[in-house]
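Please look at the sequence and the structure shown here, and then follow the report below, which begins with one part of the fold and moves on to a second.

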Amino acid sequence: MDKRTGIRWVIAIAAVIILAGIFLVNIFSTGKTGAGNLAYRQNFTYLEHFSDAAVPSALTARGRVMLYGKTYYYYHDMESYLIIGTDASGREEASGWEYRGSMADFLLLFVVDKTEGSCRILMLNRDTITEIPLMQTDGTSMASAKLQLCTAHWYGGNRKQSCQNTVRAVSKMLGGIPISGYYSMDMDSIAVINHAVGGVTVKNESDFSDIDASIKTGETLTLTDKQAVSFVQSRMHVDDGENTSRMARQIQFMEAFIKKAQSMKTENSKLWIQLYQDLSDHAVTDITGKQLSRLLNQISENSYEGICTLEGKTRLGKRLGDGLFHTEFILNKKSVRKVLGEVYHLEK
């Protein structure tokens with residue numbers, strides 16, 4: 001496989017491209033993406049928001065973000081897609097007032113820079129303290145609270161609303177960056193993804209003795225599907241128990257997945273079809289087939305710039321209101337400005 005095919009595998013692990021039945025052999029159609037009918041979609045025609053003095057900037061800028069009281073503009077043609085991996089803590093099969101979304105254990109933005117011809121992954125810490133809309137079961141939200149980012153998926157009256165609420169929270173946390181679509185899957189999907197390549201090979205540097213004794217510290221092993229779920233999802237009773245440590249393993253898994261996929265001789269289209277079929281029951285998304293087809297066509301011509309994260313400090317707090325201490329990740333403002341500045345080419 002060449003580098004462009006490897007890029008598509010990055011999306012596969014993020015589950016962006018395992019949607020709709022469009023996995024024909026490298027044949028991608030193009031077309032304009034439908035605007036969608038979700039209330040949170042943002043209109044980035046900014047002229048009406050600027051004073052006369054700012055009109056020249058508005059004419060050339062594609063959008064703006066507000067970070068810690070300062071306004072930044074971006075001029076590249078960007079698209080961002082939110083990938084959500086949920087645990088099993090909710091009641092997602094219920095409806096109405098009995099519904100409860102699960103925790104979003106895994107969050108990343110897949111960012112495509114169509115101007116520069118590149119794509120990049122921005123991983124987000126699920127424990128990040130940020131403003132969370134308190135969405136009601138009818139999809140409306142009249143209030144918000146400073147909580148862990150992962151709790152945004154709790155709210156709403158169904159799985160789609162939970163995803164929409166998470167999109168709102170992530171966009172607001174990043175200064176209003178528009179998010180073009182979401183793809184949510186439960187973390188058991190990791191077993192399916194691992195199985196598709198016959199097991200991902202990693203060198204384990206963590207202590208899993210309290211979780212799975214077969215995952216030995218210091219050994220290089222090809223993960224079974226069960227081990228893959230433990231390796232990617234386990235946090236408590238592994239090393240320091242922090243999500244930052246788990247994120248490092250998730251990055252390791254993704255990079256090893258890409259390497260394994262590139263080494264395979266199996267025809268790529270067969271792998272896509274099988275992944276699509278196996279993951280269809282695990283996924284919730286608002287990405288249309290036309291939108292995905294256009295995205296794939298762009299990705300096939302882009303360079304992959306790697307994975308980045310936002311820095312911050314970890315502490316314990318009681319924001320959830322259950323009387324227990326929970327991990328809270330406080331973003332470093334300089335890191336946010338720097339990383340977003342690089343990814344989205346922000347200018348004051």
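In this predicted model, L122 stands opposite C308, a residue of strand β12. The two strands concerned, β5 (residues 118–124) and β12, run parallel and are joined by five bridges. Both belong to an open sheet of six strands, in which the order is β11-β8-β3-β4-β5-β12 and the pairing is mixed. Because β11 (283–285) and β12 (303–309) stand at the edges and each has a single partner strand, one side of each is left without a neighbour in the sheet. From one strand to the next, the twist averages 15 degrees.

A helix also belongs to this picture: α9 (residues 333–344) lies across β3 (78–86), β4 (104–113), β5 and β12, and runs at about 155 degrees to β5.

Elsewhere, attention turns to a pair of helices. Helix α4 (residues 189–196) packs with helix α5 (residues 225–233) at an angle of about 125 degrees, and their axes are 8 Å apart. The two helices are therefore oblique to each other, and α4 passes α5 in a right-handed crossing. The residues that make the contact are set out by helix in the table.

| Helix | Residues in the contact |
|---|---|
| α4 | I190, A191, N194 and H195 |
| α5 | D225, A228, V229 and V232 |

Sorted by class, the contact of α4 with α5 has five nonpolar residues, together with two polar residues and one charged residue.

Key: Residues numbered from 1 in each chain as written. Predicted model: local features only at pLDDT ≥ 70, side-chain atom pairs only at ≥ 80, totals over all residues. Heavy atoms only, no water. Axes fitted to C-alpha atoms, helices over the stretch in contact; angles between N-to-C directions. Helix = DSSP H or I, 4+ residues; strand = E, 2+ residues; numbered from the N terminus. Parallel < 35°, antiparallel > 145°, perpendicular 65-115°, else oblique. Left-handed = near helix turned anticlockwise from the far one by under 90°. Contact = heavy atoms within 4.5 Å. Nonpolar A, V, L, I, M, F, W, Y, C, P; charged D, E, K, R; others polar. Pairing = 2+ DSSP bridges.
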